[in-house]
Amino acid sequence: MSIELENRKRAFNKDYFSEDELINTFTPLFECVEYLHSNNIIHGQIHPENIVLIDEEVKLRDWLVELHDNAYYSNSKKENRNKFDDFVALGQILTQYATLRKSPDPFEDREIPTAIESIIDSYSKSFIILLLVLLKRKT
């Protein structure tokens, strides 16, 4: 099951994920991406539909295989994907889940301050800083 379905159910019920739920869900994803990068592999296709729950474990699928047109998450249309793109994609998805954003589109740079402000009282300072670091763009 895609975790996107879980996000949509929670958004409908306005049932926010706890910080622990988000950390427990996303830590294995960050570890997976870090492992890939340590072996010089870039996923390049990280978007919500490629994060699934199998036997209560979070898995990242569709490595280097594009089945959906989700260019906005990891710049999947870019010729030169890099490690930074994978982490920005995870940051986008984590922020989407923390804010219960229903839209499949990622946050535009101008939307990030409003999104973070909407959840600043719901999560710890260190969690908010993590989101801001992950969403930082190359200049």
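Strands β1 and β2 form a hairpin with two residues between them, and aspartate 55, which lies in the turn, has a positive phi of about 50°. Here strands (E, at least two residues) and helices (H or I, at least four residues) are DSSP runs, numbered from the N terminus. The model is a predicted one, in which local features need pLDDT of at least 70 and side-chain atom pairs count only at pLDDT 80 or more, whereas totals for chains, interfaces and linings use all residues. Residues are numbered from 1 along each chain as its sequence is written, and side-chain values use heavy atoms, with hydrogens and water left out.

Strand β1 (residues 51-54) pairs with β2 in the antiparallel sense over four bridges, pairing being assigned if DSSP finds at least two bridges between two strands. Within this pair, isoleucine 51 stands opposite leucine 60 of β2. In a regular strand the side chains alternate between the two faces of the sheet. Glutamate 56 is located in the loop between β1 and β2 and counts as exposed because its relative accessibility is 80%. The C-alpha atoms of glutamate 56 and threonine 25 are 9.9 Å apart in space, although the two residues are 31 residues apart in sequence.

In the chain as a whole there are six helices and two strands, which follow the pattern α-α-β-β-α-α-α-α along the sequence. Of the 139 residues, 43% count as buried. Among contacts (heavy atoms within 4.5 Å) with a separation of 6 or more, 62% are accounted for by residues 24 or more positions apart.

Towards the end of the helix numbering, the axes of α5 (residues 112-119) and α6 (residues 125-135) come within 11 Å and cross at roughly 165°, the axes being lines fitted to C-alpha atoms over the stretch in contact and the angles running from 0 to 180 degrees between N-to-C directions. The two helices α5 and α6 are therefore roughly antiparallel to each other, a description applied to angles over 145 degrees. The contact between them is made by Ile112, Ile116 and Ile119 of α5 together with Ile128, Leu131, Leu132 and Leu135 of α6.

How values were computed
Buried < 20%, exposed > 50% of the residue type's maximum accessible area, 1.4 Å probe, protein only. Parallel < 35°, antiparallel > 145°, perpendicular 65-115°, else oblique.
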